[in-house]
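Reader: Could we go through this model together? I would like to learn how to read its packing.
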Amino acid sequence: MIYLFAGDDTRTKHTAYEKFIKSFPAGTETFFIGKNDFNPTQTESFYSGSGLFFTKCVVFFENIFENETAQEFILEKLELISQSQNDFIFLEGKLNKPVLDAFKKER
């Protein structure tokens, strides 16, 4: 499942994001990836199957679309990501229309 928190209204976006995070069960395996930590191989492992020590995880991407390489990779793999048993959460600033349309398509 894919969740997108984006836009210029930082306070509202972060409030909704924090409330959403609290909805996950305690003990859920979580991973955080920022624009400078992006690794395509690691990301592929998250959407392609379960991990060695967990069956389901939540992957948080923060401002990942500020990294052009990461943006291209994510948009190319968005359909596969949306079909994964893991949850993927994107916390982004303002996004352009083609990126938003790609997310709407995979909704």
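This is a predicted model: local features need pLDDT of at least 70, side-chain atom pairs count only at pLDDT 80 or more; totals for chains, interfaces and linings use all residues.
Reader: Is Ile-81 buried or exposed?

Author: Residues are numbered from 1 along each chain as its sequence is written, and side-chain values use heavy atoms, with hydrogens and water left out. Buried means under 20% relative accessible area, exposed over 50%, and partly exposed in between (1.4 Å probe, protein chains only). Ile-81 has a relative accessible area of 0%, so Ile-81 is buried.

Reader: Where does Ile-81 lie, and which residues does Ile-81 touch, not counting residues up to four places away in sequence?

Author: Helices (H or I, at least four residues) and strands (E, at least two) are DSSP runs, numbered from the N terminus. Ile-81 lies in helix α3. Contact means heavy atoms within 4.5 Å. Leaving aside residues up to four places away in sequence, Ile-81 touches Ile-2, Tyr-47, Ile-74 and Phe-88.

Reader: Which residues of the largest nonpolar core touch the most other members?

Author: A nonpolar core is a set of buried Ala, Val, Leu, Ile, Met, Phe, Trp, Tyr and Cys residues joined through side-chain atoms within 4.5 Å. The largest here has 21 residues, and Phe-61, Ile-64, Phe-65, Ile-74, Phe-88 and Phe-90 touch the most other members. The elements giving two or more residues to this core are α2 (40-48), β3 (57-62), α3 (68-83), β4 (87-91) and α4 (97-105). The largest share, five residues, comes from α3. A second, separate core of eight residues includes Phe-5, Phe-20, Phe-24 and Leu-91.

Reader: What does Thr-43 touch, not counting residues up to four places away in sequence?

Author: Thr-43 lies in helix α2 and is buried, with a relative accessible area of 0%. Beyond four places away in sequence, Thr-43 touches Ile-33, Phe-38, Phe-61, Phe-73 and Ile-74.

Reader: How do the axes of α3 and α4 cross?

Author: Axes are lines fitted to C-alpha atoms, for helices over the stretch in contact, and angles run from 0 to 180 degrees between N-to-C directions. The axes of α3 and α4 come within 10 Å and cross at roughly 30°. Angles under 35 degrees count as roughly parallel, over 145 as roughly antiparallel, 65 to 115 as roughly perpendicular and the rest as oblique. α3 and α4 are therefore roughly parallel to each other. Gln-71, Leu-75 and Leu-78 of α3 make the contact with Val-99, Ala-102 and Phe-103 of α4.
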